[in-house]
Amino acid sequence: MLTNDSNPATPVIEIHDLHKAYGDLEVLKGVSMTAPRGHVTSLIGSSGSGKSTLLRCANLLEDSQRGEILFEGEPITWKGEGLHRRPSDPKQVMRIRTNLSMVFQQFNLWAHMTVLENVMEAPITVLGRARAEVEEKARMYLDKVGIGDKCDVYPAQMSGGQQQRAAIARALCMEPRALLFDEPTSALDPELEQEVIKVIKALAEEGRTMIIVTHDMRMASDISDHVIFLHQGLIEEEGTPSDLFGTPKSERLKQFLSATVPA
Ligand SMILES: Nc1ncnc2c1ncn2[C@@H]1O[C@H](COP(=O)(O)OP(=O)(O)OP(=O)(O)O)[C@@H](O)[C@H]1O
Ligand SMILES: [Mg+2]
């Protein structure tokens, strides 16, 4: 069981002073953030600032060299140091990964499986849930993202927006403690983007815990409780959307916003 499971005040994810390098390239230089339960936290920043890396470190898809990561109050245990540091408990890694569902820019659906099969696959194979129970949930989540009528089609027969909604249903069907999105709309053209934003907004309104990496400042502003601006591997500024977008303080954030937000 998860240690602080029942305490709503315990953040789903806490990261303290995280450092991450790829060889000589320092990508995260001491980043601290939390994903409080029921909150939407957005990560913004220019290309290469470390947003995806931070998300992947939070999910233990990437190793990090220094700093702590806690999942629902439970610290990740490490072995080794520096570039050799790795999580020491494979069961802990598995438990955390299955409780943090990622949605990527490229939807990564299995081409040889129908949409329904795609959504059902991980709860059955990874969580060992019963097929009938999973099918019922999968249909419910596909309905929720507005593609309940697409259960039996293959991904290639759907639009990009529909595929991304299927990927969101697949993430939801794991019933994770948090959803992590890495630019979920950036591969879509503007019209399809709106379909996906609508789904993400509805999830935010339901009070799901989410971390969203996005270039879409309007979405970040609309749905976030907290926005973090990363610059060259450090948090340059953070706060509520109205602080960050309304009264940005650092020159770098002002520059970034003037380049990304349409006048
Ligand atoms: N697997 C890797 N090996 C080596 N360097 C990497 C790797 N992944 C990322 N990097 C480097 O780390 C830095 C941060 O990359 P990251 O993908 O986190 O940026 P980002 O903020 O997500 O950018 P974008 O907005 O373009 O997605 C970049 O300089 C990138 O080249
Ligand atoms: Mg990225």
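At roughly what angle do the axes of H3 and H5 cross, and within what distance do they come? The legends below start with this pair, in a model that is predicted.

**View 1. Helices H3 and H5 in the predicted model.** The two axes cross at roughly 25° and come within 8 Å. An angle under 35 degrees counts as roughly parallel, and H3 and H5 are therefore roughly parallel to each other. Their crossing is right-handed. On the H3 side, Val115, Asn118, Val119 and Pro123 take part, and they meet Ala166, Ala169, Arg170 and Cys173 of H5. The contact of H3 with H5 is made up of 6 nonpolar residues, 1 polar and 1 charged.

**View 2. Helices H3 and H4.** H3 covers residues 115-125 and H4 covers residues 131-144. Their axes lie 9 Å apart, and the helices pack at an angle of about 130°. That angle makes H3 oblique to H4. H3 passes H4 in a right-handed crossing. H3 contributes Val115, Leu116, Val119, Met120, Pro123 and Ile124 to the contact, while H4 contributes Arg131, Val134, Glu135, Ala138, Arg139 and Leu142. Of the residues in the contact of H3 with H4, 9 are nonpolar, none is polar and 3 are charged.

**View 3. The largest nonpolar core.** In soluble globular proteins, nonpolar side chains tend to be buried together. Here the largest nonpolar core has 37 residues. Those with the most contacts inside this core are Leu142, Ile168, Phe181, Ile200, Leu203, Met210 and Ile212. Two or more residues each come from H3, H4, H5, strand S9 (178-182), helix H6 (190-205), strand S10 (210-213) and helix H7 (217-223). Leaving aside neighbours within four places in sequence, Ile200 is in contact with Ile168, Phe181, Pro184, Met210, Ile212, Met219 and Ile223. Another core, of 29 residues, lies apart from the largest one, and its members include Val12, Leu43, Val213 and Ile228.

**View 4. Gln162 in helix H5.** Helix H5 runs over residues 160-173 and holds Gln162. Buried means under 20% relative accessible area, and Gln162, at 17%, is therefore buried. Not counting residues up to four places away in sequence, Gln162 touches Ile147, Lys150 and Glu195.

**View 5. Helix H1 and the residue Leu60.** The buried residues of H1 are Lys51, Thr53, Leu54, Leu55, Cys57 and Ala58. Just after H1, Leu60 has a positive phi of about 60°.

How values were computed
Residues numbered from 1 in each chain as written. Chains lettered and ligands numbered in written order. Predicted model: local features only at pLDDT ≥ 70, side-chain atom pairs only at ≥ 80, totals over all residues. Heavy atoms only, no water. Axes fitted to C-alpha atoms, helices over the stretch in contact; angles between N-to-C directions. Helix = DSSP H or I, 4+ residues; strand = E, 2+ residues; numbered from the N terminus. Parallel < 35°, antiparallel > 145°, perpendicular 65-115°, else oblique. Left-handed = near helix turned anticlockwise from the far one by under 90°. Contact = heavy atoms within 4.5 Å. Nonpolar A, V, L, I, M, F, W, Y, C, P; charged D, E, K, R; others polar. Buried < 20%, exposed > 50% of the residue type's maximum accessible area, 1.4 Å probe, protein only. Core = buried A, V, L, I, M, F, W, Y, C linked by side-chain atoms within 4.5 Å.
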